[in-house]
Amino acid sequence: MIRQKIKSWKYLFLAVLLLMCSIGTVYSVNPNDLAKLRTTKSCPNCDLSYAILNGEKYPNADLTGTNLMGASLMNCDLTRANLLNANLESANISYADLTVANLLRANLGGANMTGTNFSGATWTDGSKCLN
């Protein structure tokens, strides 16, 4: 009986320890890359993972090869942006304007695209979006 209680406490302790370790995980954007984007309106091959860019305007931006994994781009203006080979995995691009944007070979796995405007955009496979 005592042995079983000790075993239960060990599992509880390990579970709490694992939880505490996972809470300390923080995702952040590269501040230099974020400053570059906001200053020049372009940032090819940058690390903008987990950036919060809601409502910001980057028409004609060169984001070729940029890592935007987990970024929040809600209501963002990305008209005619070049997102060739960009990583938008798990990004939130809901209600963003990607009219005539280039998404060729971009990774959109798990991205929230609710209400996003892709009119005239080049899709990941090279086809053109009609609406």
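Guide: A cavity is a set of points, on a 1 Å grid over the protein atoms alone, where a 1.4 Å probe fits but cannot get out; its lining residues have an atom within 4 Å of a point. The model is predicted, so local features need pLDDT of at least 70 and side-chain atom pairs pLDDT 80 or more, while totals for chains, interfaces and linings use all residues. Residues are numbered from 1 along each chain as its sequence is written, and side-chain values use heavy atoms, without hydrogens and water.

Visitor: Which residues line the largest cavity?

Guide: The lining of the largest cavity divides into 9 nonpolar residues, no polar and no charged. Leu, Tyr and Cys are among the types that count as nonpolar. The lining consists of L37, L48, L53, Y58, L63, L68, L73, C76 and L78.

Visitor: Is N117 buried, partly exposed or exposed?

Guide: N117 lies in the segment after α2 (31-40), a helix being a DSSP run of H or I with at least four residues, numbered from the N terminus. Buried means under 20% relative accessible area with a 1.4 Å probe and protein chains only, exposed over 50%, and partly exposed in between. Because its relative accessibility is 28%, N117 counts as partly exposed.

Visitor: Which residue has a side chain joined to that of N117 by a polar contact of 3.3 Å?

Guide: Beyond four places away in sequence, N117 touches A96, D97, L98 and T99, with heavy atoms within 4.5 Å. A polar contact needs N or O atoms within 3.5 Å, one able to donate a hydrogen and the other to accept it; residues adjacent in sequence count only if both atoms are side-chain atoms. The side chain that makes the 3.3 Å polar contact with that of N117 belongs to T99.

Visitor: How far apart are the C-alpha atoms of N117 and I93?

Guide: N117 and I93 are 24 residues apart along the chain. In the protein, 1% of contacts between residues at least 6 apart in sequence join residues at least 24 apart. For N117 and I93, the C-alpha separation is 9.7 Å.

Visitor: What angle lies between the planes of F118 and W123?

Guide: The structure holds 1 aromatic pair, formed by F118 and W123 at 5.2 Å centre to centre. Rings of Phe, Tyr and Trp (its six-membered ring) pair with centres within 6.5 Å; planes under 30 degrees apart are stacked, over 60 edge-to-face, the rest tilted. F118 counts as buried because its relative accessibility is 9%, whereas W123, at 23%, counts as partly exposed. The pair is edge-to-face, with an angle between the planes of 85°.

Visitor: What share of the protein's residues is buried?

Guide: The protein has 2 helices and 0 strands. Of its 131 residues, the buried ones make up 35%.

Terms used
1 Å grid on protein atoms, 1.4 Å probe; cavity = no way out; pocket = protein on both sides within 12 Å on 5 of 7 lines; lining within 4 Å.
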